[in-house]
Amino acid sequence: MLKGILSISGQPGLYKLVAEAKNNIVVESLDNNKRMPVYSTSKVSALEDIAIFTTKEDLPLKEVFKAISEKENGGAAISPKSSDKDLKSYFQVVVPDFDKERVYASDIKKVLNWYNILQEKNLLDFTEEESNETGNKASE
């Protein structure tokens, strides 16, 4: 679901990986579909590699997105521009055991912003995950 979706430090929004070259990658903005090269000096994070700190073990971002989607019945999350207090109480509902010492309001804003972008573009698809889980159970 999140494969090939990137966040680039210093750049707004999310990007889709289009091609890899020798010393750069080519990405396409999910906002305006414009393509641009990104060089190895930029800090690029793949959403599928990001996790949220919890009091137990780290929770993959796709699980956080799934929890938000379930809470919102597939709709948009609250605005990332909400007050820090509102963001933290919203996140407390979605991820009850998130680590309040290590997850900052700025992190929550990013997660909610990314979720809303992906939700708006219909890029959140949790069905493949569920079919894999039921497929595994049937073969046991």
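Predicted model: local features only at pLDDT ≥ 70, side-chain atom pairs only at ≥ 80, totals over all residues.
User: How do the axes of helix H1 and helix H2 cross?

Analyst: Helices (H or I, at least four residues) and strands (E, at least two) are DSSP runs numbered from the N terminus. Axes are lines fitted to C-alpha atoms, for helices over the stretch in contact, and angles run from 0 to 180 degrees between N-to-C directions. Here, H1 (residues 61–71) and H2 (residues 84–94) have axes that come within 9 Å and cross at roughly 95°. The two helices are therefore roughly perpendicular to each other (under 35 degrees is roughly parallel, over 145 roughly antiparallel, 65 to 115 roughly perpendicular, the rest oblique).

User: Which residues make the contact?

Analyst: With contact meaning heavy atoms within 4.5 Å, H1 contributes Val-64, Ala-67, Ile-68 and Lys-71, and H2 contributes Tyr-90, Phe-91, Val-93 and Val-94. They divide into seven nonpolar, no polar and one charged. In this scheme, Ala, Val, Leu, Ile, Met, Phe, Trp, Tyr, Cys and Pro are nonpolar, Asp, Glu, Lys and Arg are charged, and the others, Gly among them, are polar.

User: How many salt bridges does the rule give?

Analyst: The general idea is friendly enough: side chains of opposite charge can pair when their charged atoms come close. A salt bridge is a side-chain nitrogen of Lys or Arg within 4 Å of a carboxyl oxygen of Asp or Glu. By that rule the count is six. One of them joins Lys-16 and Glu-28 at 3.8 Å, N to O. This pair links distant parts of the chain, 12 residues apart: Lys-16 sits in strand S2 (residues 15–20) and Glu-28 in strand S3 (residues 24–29).

User: Is Glu-28 buried or exposed?

Analyst: Buried means under 20% relative accessible area, exposed over 50%, and partly exposed in between (1.4 Å probe, protein chains only). Glu-28 is buried at 13%, whereas Lys-16 is partly exposed at 37%.

User: What about Arg-102 and Asp-99?

Analyst: Their side chains form a salt bridge at 3.1 Å, N to O. Arg-102 is partly exposed at 40%, and Asp-99 is buried at 14%. Elsewhere, salt bridges with shared partners join Lys-16, Glu-28 and Arg-35 into one network.

Technical notes: Residues numbered from 1 in each chain as written. Heavy atoms only, no water.
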